[in-house]
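Hi everyone, thanks for making time. Let me put the model up on the screen, and then we can walk through a few parts of it together.

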Amino acid sequence: MSIPDELLIDLAAMVESEQTNQMSLTVVVHGAVITGRLAPEHVWRQRVAEVLRDSDQLGPFSEIFSAPGESDRTGSPPSHLHFHVARILQGTLGIPETGGMYRIAIADVDAWTVGDFRYSDH
């Protein structure tokens, strides 16, 4: 999207204000379908920092994620969506199977819908 969707920005702002951490969302970004739950940026950063801190090779990068996020520093509307337990949908598979942590620029979202997609073998 060349002009970020104001409704999507409002949704992200509500998540950022921690009024909910259960907002499921599916977005299309450059043809990729990503589905999962939104998290406030500081919660997302904290979780990524924890994962990195536990890695022998990537531990030093955890400090970058421990710093305050953009909306914390500027007080401006969110510019990114922060997904946790998210999957990139590829055919009938969700990658990674257990869900991952994704940061997506709102301006890059081509389409979106509330809710997430789950596949079943039945």
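Glu18 comes after α1 and has a positive phi, near 65°. A quick note on sources: this is a predicted model, where local features need pLDDT of at least 70, side-chain atom pairs count only at pLDDT 80 or more, and totals for chains, interfaces and linings use all residues. Residues are numbered from 1 along each chain as its sequence is written, and side-chain values use heavy atoms, with hydrogens and water left out.

Helices here are DSSP runs of H or I with at least four residues, strands are runs of E with at least two, and both are numbered from the N terminus. At the start of α1, a side-chain oxygen of Asp5 comes to within 2.8 Å of the backbone nitrogen of Leu7.

Which residues of α1 are buried? They are Leu8, Ile9, Leu11, Ala12, Val15 and Glu16, where buried means under 20% relative accessible area and exposed over 50%, with a 1.4 Å probe and protein chains only. Seen down the axis of α1, they fall within an arc of 160°, taken from the directions from the helix axis to the C-beta atoms, so they line one face of the helix. On the other side of α1, Glu6 and Leu7 are exposed.

Now to strand β3, where His82 sits. His82 counts as buried because its relative accessibility is 2%. Its contacts (heavy atoms within 4.5 Å), leaving aside neighbours within four places in sequence, include Glu16, Trp44 and Tyr102.

That's my tour, thanks!

Methods:
Polar contact = N/O pair within 3.5 Å; in protein donor to acceptor, adjacent residues only side chain to side chain.
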